[in-house]
Amino acid sequence: MPALNEPVVPAGSWSSGPQPQIEGDGLRLRPWRAGDEAFLVGAYADPAIQRWHTFSLDDEQDAAGWIERANRKWLTERGADWAVTDGENQLARIAFRTLDLEYGDAEVAYWVAPQARRSGVASRAVTVLADWAGKAGLHRLTLQHSTFNEPSCGVAQRCGFALEGTAVRALRHADGYHDMHLHARLLD
Ligand SMILES: CC(C)(COP(=O)(O)OP(=O)(O)OC[C@H]1O[C@@H](n2cnc3c(N)ncnc32)[C@H](O)[C@@H]1OP(=O)(O)O)[C@@H](O)C(=O)NCCC(=O)NCCS
């Protein structure tokens with residue numbers, strides 16, 4: 001079937017190289033690696049992270065499986081996952097929950113460990129990743145959060161993601177369906 005449009009980013013152009021380490025604004029975004037297990041188990045035990053991400057990790061073995069799956073995403077070009085650090089300590093997670101190189105878009109997802117919150121880690125990490133994604137050829141990033149998640153709405157607004165609308169009863173959390181704010185930022 002002949003394509004009528006060129007892909008925004010040619011297939012294979014990201015996965016042919018290793019997942020990059022991205023630096024900026026005092027943060028380092030790097031692939032997850034062995035040694036991150038205890039941090040992940042601790043973070044996913046946090047009630048706020050459980051509330052918005054709907055799962056936990058039983059132990060470090062469980063976390064090792066999570067790391068393996070997170071790193072495999074880069075090879076599929078359907079997502080990508082980074083640990084956010086200050087160069088030394090793990091602070092947060094940032095990811096492309098979805099990624100479509102042909103269309104040139106991705107959905108950003110994140111959480112910040114409780115001890116690292118309220119110092120701009122999420123906002124800086126989203127901005128650093130968005131800048132990188134623009135240089136890597138993406139056209140548009142989206143971001144979704146429950147309408148009850150005001151801190152996440154603050155992150156979206158601070159990072160230039162315009163509110164495009166509300167998807168009604170769009171995502172099921174432990175306490176039932178939530179309305180979701182849909183935000184987006186154009187990169188080109
Ligand atoms: C939401 C979350 C990622 C914010 O991370 P953070 O690093 O603390 O955020 P920042 O410091 O970059 O702050 C961003 C904005 O949110 C505000 N904010 C942060 N935490 C807040 C809180 N608990 N209550 C109200 N506002 C808050 C900040 O004041 C800032 O708003 P401003 O630009 O108007 O000043 C973090 O609280 C978190 O991981 N929560 C649990 C998991 C989660 O909600 N993930 C996102 C799912 S969509």
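A nitrogen atom of the ligand lies 3.1 Å from a polar backbone atom of Tyr110. Polar contacts here are pairs of N or O atoms within 3.5 Å; within protein, one atom must be able to donate a hydrogen and the other to accept it, and residues adjacent in sequence count only if both atoms are side-chain atoms. The model is predicted, so local features need pLDDT of at least 70 and side-chain atom pairs count only at pLDDT 80 or more, while totals for chains, interfaces and linings use all residues. Residues are numbered from 1 along each chain as its sequence is written, and side-chain values use heavy atoms, with hydrogens and water left out.

| Residue | Protein atom | Ligand atom | Distance |
|---|---|---|---|
| Tyr110 | polar backbone atom | nitrogen | 3.1 Å |
| Asn149 | polar side-chain atom | oxygen | 2.8 Å |
| Arg158 | polar side-chain atom | oxygen | 2.7 Å |

On its own, the ligand has 900 Å² of accessible area, and the protein covers 75% of this (Shrake-Rupley method, 1.4 Å probe; for residues, only the protein chains shown count as cover). The ligand is surrounded by 21 residues, a residue being near if one of its heavy atoms lies within 4 Å. The closest are Val112, Arg118, Gly120, Ser123 and Arg158.

The whole structure holds 13 aromatic pairs. Rings of Phe, Tyr and Trp (its six-membered ring) pair if their centres lie within 6.5 Å; planes under 30 degrees apart are stacked, over 60 edge-to-face, and the rest tilted. Trp14 and Phe96 form a tilted pair, with 6.3 Å centre to centre and 35 degrees between the planes. This pair links distant parts of the chain, 82 residues apart: Trp14 is in the segment before β1 (22-24) and Phe96 in strand β4 (residues 90-100). Helices (H or I, at least four residues) and strands (E, at least two) are DSSP runs, numbered from the N terminus. Trp14 counts as buried at 8% relative accessibility, and Phe96 does at 0%; buried means under 20% relative accessible area, exposed over 50%, and partly exposed in between (1.4 Å probe, protein chains only).

The pair of Trp82 and Trp132 is edge-to-face because the ring centres are 6.0 Å apart and the planes lie at 65 degrees. Trp82 in strand β3 (residues 80-85) and Trp132 in helix α4 (residues 121-135) are 50 residues apart, so this pair also links distant parts of the chain. Both Trp82 and Trp132 are buried. Elsewhere, ring pairs join Trp32, Phe39, Tyr44, Phe55, Trp66 and Trp111 into a cluster.
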